[in-house]
Amino acid sequence: MPDAADESKPQAIETARRVIRDASSVAVLTGAGISTDSGIPDFRGPNGVWTRNPEAEKRSTIQHYLADPQVRRDAWQIRLESDMFTASPNDGHRALVELERSGRLHTLVTQNIDGLHVIAGSSPDNVVEIHGTVHRWECVDCGARGPMQEALDRVRAGDPDPSCPICGGIMKSATIMFGQSLVAADLLRAEIAATQADVLLAVGTSLMVYPIAGMVQVALEAGRSVVIVNAQSTPFDSQATVVVQGSASAVLPAIL
Ligand code: NAD
Ligand code: ZN
């Protein structure tokens, strides 16, 4: 955890608390950093999956996944062992549930695919999983979908690259890979949230993945306050209303 901002931290927490308290609606954007304290590594933090193994990025790229059966077999093995299916929400996820219960959550947009916001108790109607979910599989050919455990059971039973039970097509997890487009309706909800809510609270995200990092730009252009909570600095720190450097699971309960 970087300590550079520690001296100013109590003050930043107080400012963030005040900005959020005075807002009648808050849009939230979360990234992998809100789930690291649940034991799920991020991609770009110091311990990130891609920081440690740049090759892993290939498995998240649709062209490689479709073209190379070995990439798919590796991906299914990694899904089998993934921490995401056993992880539990932490105090950061729970603080956002409280924000919703207070009636001031506009929309919770998450880049996470771990499903932990809904597991923590956030209403699925208010959560936009902009990069999809690992809890379901989907067929790239016919669009069929089903529970991920169904697909994992087939891998466990000895099918290293299971194909679609409906059309025989290639199956993947229901996440948006690099090279795939986001769902237009989800992107629109994110933009509306950034434009309408008094405050945009960005948590645990490097703000380097577009177009969703553009939510911050949209909020700034609409004259909204922007609160950033992240362990490391982001490209938007200098434009934010307030930046709190620290761990989401400790900072969110303090500011919400
Ligand atoms: P990222 O890996 O690019 O950035 C995560 C950021 O969180 C980093 O800047 C890091 O410093 C910070 N961070 C790490 N631990 C933190 C903590 N405890 N408290 C506060 N901040 C912390 O992640 P991203 O911006 O979400 O970007 C990208 C992509 O990674 C998304 O597409 C997402 O789908 C995918 N991803 C999701 C998960 C998940 O679902 N849990 C995990 C890894 C990656
Ligand atoms: Zn199919």
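A polar contact is a pair of N or O atoms within 3.5 Å. I wrote that down before opening the model, which is a predicted one.

**Entry 1: the ligand**

I looked up Asp114 first. An N or O atom in its side chain lies 2.7 Å from a nitrogen atom of ligand 1. I then checked oxygen atoms of ligand 1. One is 2.8 Å from a backbone N or O atom of Ile113. An oxygen atom of the ligand is also 2.8 Å from an N or O atom in the side chain of Thr205. I noted that ligand 1, taken alone, exposes 850 Å², and that the protein buries 95% of this area.

Which residues come nearest to ligand 1? I found 27 residues around the ligand, and the nearest are Gln111, Asp114, His131, Ser206 and Gln232. I sorted the shell by type and got nine nonpolar, 14 polar and four charged residues.

**Entry 2: the two domains**

I looked up how the chain is divided. Domain 1 takes in 1-40, 89-131 and 182-256, while domain 2 takes in 48-86 and 134-175. Their centres, taken over C-alpha atoms, are 28 Å apart. I found seven residues of domain 1 in contact with six of domain 2.

**Entry 3: the interface**

The two domains bury about 500 Å² between them, with 66% of that on carbon and sulfur atoms. On the side of domain 1, Ile40, Ile113 and Asp114 lose the most area, together 67% of what that side buries. I sorted the domain 1 residues that touch domain 2 into three nonpolar, three polar and one charged.

How many salt bridges cross this interface? I found zero. I did find two residue pairs in polar contact across it.

Conventions: Residues numbered from 1 in each chain as written. Chains lettered and ligands numbered in written order. Predicted model: local features only at pLDDT ≥ 70, side-chain atom pairs only at ≥ 80, totals over all residues. Heavy atoms only, no water. Domains from an automatic or database assignment. Contact = heavy atoms within 4.5 Å. Buried area = accessible area lost by both parts, 1.4 Å probe. Salt bridge = Lys/Arg side-chain N within 4 Å of Asp/Glu carboxyl O. Polar contact = N/O pair within 3.5 Å; in protein donor to acceptor, adjacent residues only side chain to side chain. Nonpolar A, V, L, I, M, F, W, Y, C, P; charged D, E, K, R; others polar. Near = heavy atom within 4 Å. Areas by Shrake-Rupley, 256 points an atom, 1.4 Å probe, with all protein chains shown as cover.
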